[in-house]
Each structure stands twice: as C-alpha cells, then as structure tokens.
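Here is a short walk through one protein model. Keep the sequence and the 3D view side by side as you read.

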Amino acid sequence: MSDLTMEGEPHGGVGRAPLDILILLSGVAVGLGTLSVGLSIDSAVTTTVSLQIVIVTLCIVFWRDRRASLPHFFFTLCFALFLTGRQVSSLLGADPAQPGVLETGATDAASLNRAHTALFVALCGLGLGWLAFKPGARPSRRSEPQSKIAFHSVRQSAAALLLISAPAKIYALWLTSRAVQTSGFFDGRLESAGATPLVVRVFEELFTIAVVTYLVARPQLKPALLVCALYVGVGVISLQTLSRAQFTLNVIMVLLYLYMRQVHFSERIFTRRRTITLLALLPIVVSAMNWLATLRGRTEHVSGGLIEPIRDFIYSQGVSIKVILATQAQNPDFGEGKTFSLGPLTESLLNLQSLATGTSPFSGQTAARAYEGHQLSHSISYAIAPYDYLRGVGYGSSFVAELLSDFGLVGVLVGSLIYGLLLSRASSVFARPLLAAVLTLLLLRNAMFVPRASFVFPISELVSPASLLAFVLMGLALLANRSSSRGASRVGGRQQRSRPLARNAIGNSRRAALR
C-alpha cells in the first residue's frame, strides 16, 4: 500500500484574515457591553445573551477559517453545550419543575452572573489564543521523508493491535451494558469495573491508541474510512452503557481527522451528498441522546413538537454549570493545599508510583477520596450530594471551575488562552513526525471534553500504564526503523559509488586487450 503525499496546505494563509479579526473584536465588544448591562441590572438573562453573542461570533470566525481552526469550532460548540446548555434551554421555554435561576440550580441571579463572568473570560481567552498564533509559523517538515519509511510497518502493527483491542473493547462494553441493565446506570458501572478481567481492561485502553496510530500512518482512503466506521461503531455500542461521552468524542475525532486529511492531501471526502447525509443524521442523534438521558433518570421522556426534544437535549448536556456554581458556593478553605487543575495528572502519577505495592491510593468513589484526593470532580460531587456520590453518581468537572478555584479569573483567562494556542498547533497533525502526530490527534480528541472535564484531562488520559507502554514500544519501533533505513541508505550509497569504479576497471582491461 503506497503512502500518501502532502499536496494541500495545513493552513489557509500566512496570517489571520483582517475581516475575521474585525468580526471577532466587534463580537467581543458587543458581548462585553451586554455583559456589563446584565451585571449592572442583576439580570441572568442578559448575561446569558452576552455569552451567546461571543459564542456565535467565535463560531463564525472559526468556521470561516476552518482549514486551520476547525478544532476551535468544535471546542466552542462543546463549550456552549456543556456550560450554557441549561440557560439556553430555559430561554427556549422554562420548565417550572426545574429549580434555580434559568434551571441551573442557582439560588440567585448574582451567583449565576459571577459564573457567567468566568465563562465570558474563558471565551475571550480562547479567542486571544487563536489571535496570538501565527499560521505562517508551520511545523518543520524535515522529518517527514524519514517518517515515511516507517509508515507501512506502523500501519501493520496498529492493524494487529486493532484485531486484539477492538474485541476487548466491545467485550468490556458488553459487560458494562449488562450490569447497567440489571443494576441501574451508576451501580452497574461500579459492578462492571470490578468484574472486567485485567487483560481485557488493558487491551481496551489501547483501542483508541491503535485507531489513531493507524489513521495517522497515512493509509489509503478506503481502509481509513473502514477504521473510522469501526471507531464510530464502537461509540454506538457504548451507548448501550447509557454513557454518551465515548460516542461524542469518537464522532468528533473522526470528523476532525477526515477534514484535516481532506485539507492536507487534497482529497474529496466531505462531498455535498455526504455532508447532507451527516446533517440528516442529527435528529436521530438528538433523539438517541434524549432516550439515554431518560433511561438514566436525569430527565423525563419528551414527546411531540419540534422545540421540546431539542430543548431537552440541550438541557441534559448542560450540567457542568452546576459544578461552577457549587465551587463558588464552597467555603474559602475548600480545596486548600490542592491544585484541582492538575488533579487527575497528580493522581495518575501517584497511582503509577504505587504499582510496586499493588494498591491504588486513588480509585473508586469513597469519602476518603473525596476529602484526600486531588480531583474537583470527586470533591465537588461529594459536597453536592454525598449519598449519591457514594452510589457512583457524579457531576464531572470543568476546566473553568478548576482554574477559577485555583487561580481566579486570571487563571481562567490564561488557561483558556493556552487552549486557544494548542488547538491552533493541533490543526497541522500530518505535518508532524509520526509519534508526535499520534499524540496530537489523541490530545485533540480528549480536548473536546475539557469544558466538562479537568484542565489536564487530555494528558491524564494518556498516562495509564497501558498507554505509556504502547508509546514506548512505538518509539522503539520508530527508532529501529530509522536505524535500519539509515543502514540501507549507506549500503545503497556504497554500491552506487562502487559501480563507477567497476565500470572504469572494465574499460581499462578492454583497452589493454586491444593494445
């Protein structure tokens, strides 16, 4: 199978378009004015509108620059859905049964407005990060010819790993779905975690790494589409566990990969017919998400009308605003001595250190972990509903809540700016060396969940023992390929240099015979 060669450009130009900059600055200025009015009159509705103004502005700008900024576009959509979903659903039609201001659980408009201020700062930081990146400063491609030598062997290794990890992943999902159906969503997940064999857990963790490695190793389009279909199919199977995160992240990663591939290699992937088909599938996806929310007991079944299913879908996804509100309501000593924004990474490293003893200090959902652990998702879920937390219920986290708790509004601005820069760098996956490209696409996939997860969630998901072992083996394989390719090139060079000498010797012998 031949390797793809780069024909397209990873960026739309050498700088941000002046019109895009004007649109961004104008939208932020209008949003800031609206936010100021909402804060002055203590109106949560007005501050919600200000957030939507900035979100729509960012989506317009990122879509116009989608060749380089499609990751920003998806990140902004996830941000809007997870952190402003309940406020928007309330504006579409308030439900008297849902408590709090704009159905968020906030006791007063002032507390919700403080949370909206943090969200506004986060959106501004994302836009500043996008502005600060210079598209003309592309990653070096000097390593591309060297990495092409290893593409074929890496694809073969990734395909072999897929044959093992895909069945393991499907089997683990089947165990979880069976436990959920018999014991309920939260209790069932706790039961399945202990019932899944260790070897299955190890190989299922490698499934996403195997998929990403194969796709990044530049296969032809048809096998790449087959692997993408397998990945989305496993996401569909994960819906049987009543969890939506895997499906959502898998779909977003596939869309990002295919579009970046289309841009870099000038392939016709998103044709008009395929785009219309994807848009036509959206109502089915919304209905499936609502059905899952109903089965989990988070919402009541909604029937009839066009707006109600959409409103119910947006409401069920927007739970992360409660994390920010609950974090603001805690005592000043909450989280003292902890850095929540680094919590998952801290616990992962401590768990790795404890492998020698065979015990994991941070696992499960216990009161000890909520008090002594380093993750906001555990501490705040226990603070909100202790009994439910011990049953397996959780509210997740949000990078905004963590940065706000650790460093205030300045931390929210800086952290969001960092993500704006990183998302810009991640748009050039295929211009990077092979191992760096694999890491970039994995981080890009996990980054989409950061609005309702930890600030370091993309990294913490990759520091498990199985993941680290996979990366070490991949690095060793690439080094071995590079060494063998250098040896082959040296031998070939010697053979080429010896040929002129042999021809000269033959010519001299012939001339001597003629004499």
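What pLDDT does the protein average, and what share of the residues score at least 70? This is a predicted model. Its average pLDDT is 82. A score of at least 70 is reached by 79% of the residues.

Residues 6-14 have a pLDDT below 50. In the model, this stretch still has 40 contacts beyond near neighbours in sequence. Over residues 137-146 the pLDDT also stays under 50. For residues 137-146, the model has 18 contacts beyond four places in sequence.

Now turn to a pair of helices. Helix α8 covers residues 207-216, and helix α9 covers residues 221-238. Their axes lie 10 Å apart, and the helices pack at an angle of about 160°. Angles over 145 degrees count as roughly antiparallel, so α8 is roughly antiparallel to α9. The crossing of the two is left-handed.

Which residues meet there? From α8 come Phe207, Thr208, Val211, Tyr214 and Leu215. From α9 come Pro223, Ala224, Val227, Cys228, Leu230, Tyr231 and Val234. The residues of this contact divide into eleven nonpolar, one polar and no charged.

Last, look at the aromatic rings. The whole structure holds 18 aromatic pairs. One of them joins Phe75 and Tyr419, with ring centres 5.9 Å apart. Their planes stand at 20°, so the pair is stacked. Phe75 sits in helix α3 (residues 66-92), and Tyr419 in helix α18 (residues 399-426). The two are 344 residues apart, so to speak of the chain, this pair links distant parts of it.

Methods: Residues are numbered from 1 along each chain as its sequence is written. This is a predicted model: local features need pLDDT of at least 70, side-chain atom pairs count only at pLDDT 80 or more; totals for chains, interfaces and linings use all residues. Side-chain values use heavy atoms; hydrogens and water are left out. Axes are lines fitted to C-alpha atoms, for helices over the stretch in contact, and angles run from 0 to 180 degrees between N-to-C directions. Helices (H or I, at least four residues) and strands (E, at least two) are DSSP runs, numbered from the N terminus. Angles under 35 degrees count as roughly parallel, over 145 as roughly antiparallel, 65 to 115 as roughly perpendicular and the rest as oblique. A crossing is left-handed if the near helix is turned anticlockwise from the far one by less than a right angle, and right-handed if clockwise. Contact means heavy atoms within 4.5 Å. Ala, Val, Leu, Ile, Met, Phe, Trp, Tyr, Cys and Pro count as nonpolar, Asp, Glu, Lys and Arg as charged, and the others, Gly among them, as polar. pLDDT is the predictor's confidence in each residue, from 0 to 100. Rings of Phe, Tyr and Trp (its six-membered ring) pair if their centres lie within 6.5 Å; planes under 30 degrees apart count as stacked, over 60 as edge-to-face and the rest as tilted.
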